[in-house]
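Subject: Handing over the structure, with notes on what was found

Dear colleague,

I am passing the structure below on to you, together with a walk through what was found in it.

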Amino acid sequence: MSTSAAEATKLASRHLRGTLAEELVEDTTDFSADSQLLLKFHGVYQQDDRDQRRVRTQAKQGLAYSCMVRASVPGGVLTAEQYLVADTLADKVADGSLRITTRQGLQYHGVLKSDLRHLIATLNEELVSTLAACGDVVRNVTCCPAHLPGRSQASLLAAAKGLAVTFRPDTGAYYEVWIDGEQAVTVSAAPVTQPADAPAGVEPLYGDTYLPRKFKIGFAWPGDNCIDVFTHDAGIVPIERHGEAGYVVLVGGGLGQSHAREDDTYPRLATPLAWVPEADLSDVVRAVVLVQRDHGNRDDRARARLKYTIDTIGESAFRSLVEARLGRPLIDPVELPPFTDSQDHLGWWLDADGRWVLGVQVPSGRVRDTDDVRLRTALRTVIDRWLPEVRFTARQDVLLCGFAAEDRVEVERVLSSHNVPMADALSGVHRHAIACPALPTCGQALGEAERVLPQVADGLHGMLVQRGLGGIALRVNMTGCPNGCARPYTAEVGIVGRTKSTYDLYLGGSVGGERLAQRVAVGLKLGDLPGALDPIVARYGAERLDGESFGDYCHRVGETELATLVPAPPPRRGKAAVDEAD
Ligand code: SF4
């Protein structure tokens, strides 16, 4: 859908209603183009099985449509009861898996149109919403999930949940379409917070056309960048100033770019805007969102994120606009301590309340049973028996929180009886590698990611072992297109789909996520990746400084020299993929 068409559809939708209710009861397997756009605001992406696309098209059959449904989970926190209901739905209405997203949300894949209402209504009964999990609005608010000693985790999580509520769309359409079911077709049900005589409702914050594009907010603790705070439109870090509690607010992060528009689309890390007293946080972030609403690019969706607004008008002018909207001057940001780590919070650790937490690695966030590893059953068994709080991480893993010391042996026995490894049994590549879903479900995917990550990780680990470096941690982030949902541009090793069978290689991101990786090779075949990295790894083994990570080494050497070491084929152009990612 073109930019202008998208804006027109939003405007005409009567605040996200459109014809969704009518189309839901039609005897078809897909939605109209307008409804597909509006569905995103409700947390639903229409997709088709791309493995079947060619055959079905040749056979003149309709495409195999189903939907991806994403739930917002602020801070990634669910109760055990919520998780167990979510797990049950995976069999009833999806493909038998749950997928933890890179922003601590929860996704279902393979949901038929006829099952959407049951899925969304049942999640809402458990107080889990899909509203605004996608679309041109503030998305799920992320927050470091680790309640470590010395951290006021409850207050940070409360702040994250507070912003999630502040920026939730005010439309009643969501409840009309999904919760009231049949009534929505014939009766204009009263919106949740709006007068009953206003069927289209009002959106006091977003207005009639919502934001130009998605807007991401995340909270990180100083020094621990497990949520990749610099990749957010608004990244928030708690830090005192002259003894007063508050936050540094960073703005303008975002990773998506387009192969077809390498001249004017690019990844950008968020930059400091202000230090904000605790009580003012919501007002300041609201002012940033409203400036983006009113000044963001609505003519070109490829350049509609906040990062382009800031770079177009300049950081100083942007700050002035925020101050004007806020009605008072901003306080200059205080300097943050370096982010020396992005902890994965895996394995056993004691939380601030003296309860045990177990972090379990979930490959690419996919909670499912395979012939070898029955991860989904293992997690369900542990959660059903001990009722731990469940927390998702932004590296797509799961934390089970609140065990007593005496539970640990039995919990580990349950996991090992289902072949689920403890984190310390994983190699440094397998533990840290993540990938986006890509094929066969994502309509933007140019190449594979999640489905091939195991073999990519095996190949890279094998190469490291050959070089005597099998013990190092290596953060590998892989995506099927340049939209960057699995954040390849902040990884030590970023692998980005260029065509169906080739990938670009990025190196040199930092462990703490404070630096962008740089592209060192274009159009590599998947099987060539270990060979392409091998000369660089060999140099790293010989030249690394004491304690130097692979990413820091690559940054020190620089992409120009690294590129000379990679036997890369000539650049090839892939098709554009920039619109509706993540
Ligand atoms: Fe799809 Fe691209 Fe996002 Fe992967 S990075 S999920 S291929 S849009």
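I begin with strand 3 (residues 77–78) and strand 14 (residues 389–392), which pair in the antiparallel sense over 2 bridges. Please bear in mind throughout that this is a predicted model. Within that pairing, Leu78 has Val390 of strand 14 as its bridge partner. Strand 14 is also joined to strand 15 (residues 398–403), by 4 bridges and again in an antiparallel arrangement, and here Arg391 stands opposite Leu399 in strand 15. The hairpin that strand 14 and strand 15 make has 5 residues between the strands, and in this hairpin Gln396 takes a positive phi near 70°.

These pairings belong to an open sheet of 5 strands, whose order is 3-14-15-12-11 and whose pairing is antiparallel. At its edges are strand 3 and strand 11, each of which pairs on one side only.

There is also an open sheet of 5 strands in the order 1-2-5-4-13, with antiparallel pairing as well. Its edge strands are strand 1 (44–48) and strand 13 (366–367), and each of these pairs on one side only. Strand 1 runs antiparallel to strand 2 (residues 65–71), to which it is joined by 5 bridges, and Asp48 of the structure is found opposite Tyr65 in strand 2.

Next come the nonpolar cores. The largest of them has 124 residues, and Tyr83, Tyr108, Ile217 and Phe219 are those with the most contacts inside it. Helix 10 (residues 281–295) contributes the largest share of this core, namely 8 residues. Apart from this core lies another, of 43 residues, which includes Ala449, Leu453, Leu469 and Tyr553. To return to Tyr108, its contacts, if neighbours within four places in sequence are left aside, include Cys67, Met68 and Val69, and also among them are Ala86, Leu89, Ala90, Ala94, Ser97, Leu98, Leu119 and Leu123.

Sorted by class, the lining of the second largest cavity has 3 nonpolar, 7 polar and 5 charged residues.

Some points of the backbone deserve a careful look. Most residues other than glycine have a negative phi, and most peptide bonds are trans. Against that background, Gln104 has a phi near 65°, which is a positive value in a residue other than glycine. Gln104 is found in the loop between strand 4 (98–100) and strand 5 (106–111), and it counts as buried because its relative accessible area is 0%, where the cut-off for that word is under 20%.

His345, too, is not a glycine and yet has a positive phi, of about 60°. Its place is in the loop between helix 12 (315–326) and strand 11 (347–350), and His345 is likewise buried, with a relative accessible area of 5%. A cis peptide bond, with omega of about 10°, joins Leu439 and Pro440, and Pro440 is found in the loop between strand 16 (434–435) and helix 16 (453–466).

Is Arg139 buried or exposed? Its relative accessibility is 5%, so Arg139 counts as buried. Arg139 and Val73 are 66 residues apart in sequence, while their C-alpha atoms are 9.9 Å apart in space.

With best wishes

Conventions
Residues are numbered from 1 along each chain as its sequence is written. This is a predicted model: local features need pLDDT of at least 70, side-chain atom pairs count only at pLDDT 80 or more; totals for chains, interfaces and linings use all residues. Side-chain values use heavy atoms; hydrogens and water are left out. Two strands pair if DSSP finds at least two bridges between them. A nonpolar core is a set of buried Ala, Val, Leu, Ile, Met, Phe, Trp, Tyr and Cys residues joined through side-chain atoms within 4.5 Å. Buried means under 20% relative accessible area, exposed over 50%, partly exposed in between (1.4 Å probe, protein chains only). Contact means heavy atoms within 4.5 Å. Ala, Val, Leu, Ile, Met, Phe, Trp, Tyr, Cys and Pro count as nonpolar, Asp, Glu, Lys and Arg as charged, and the others, Gly among them, as polar.
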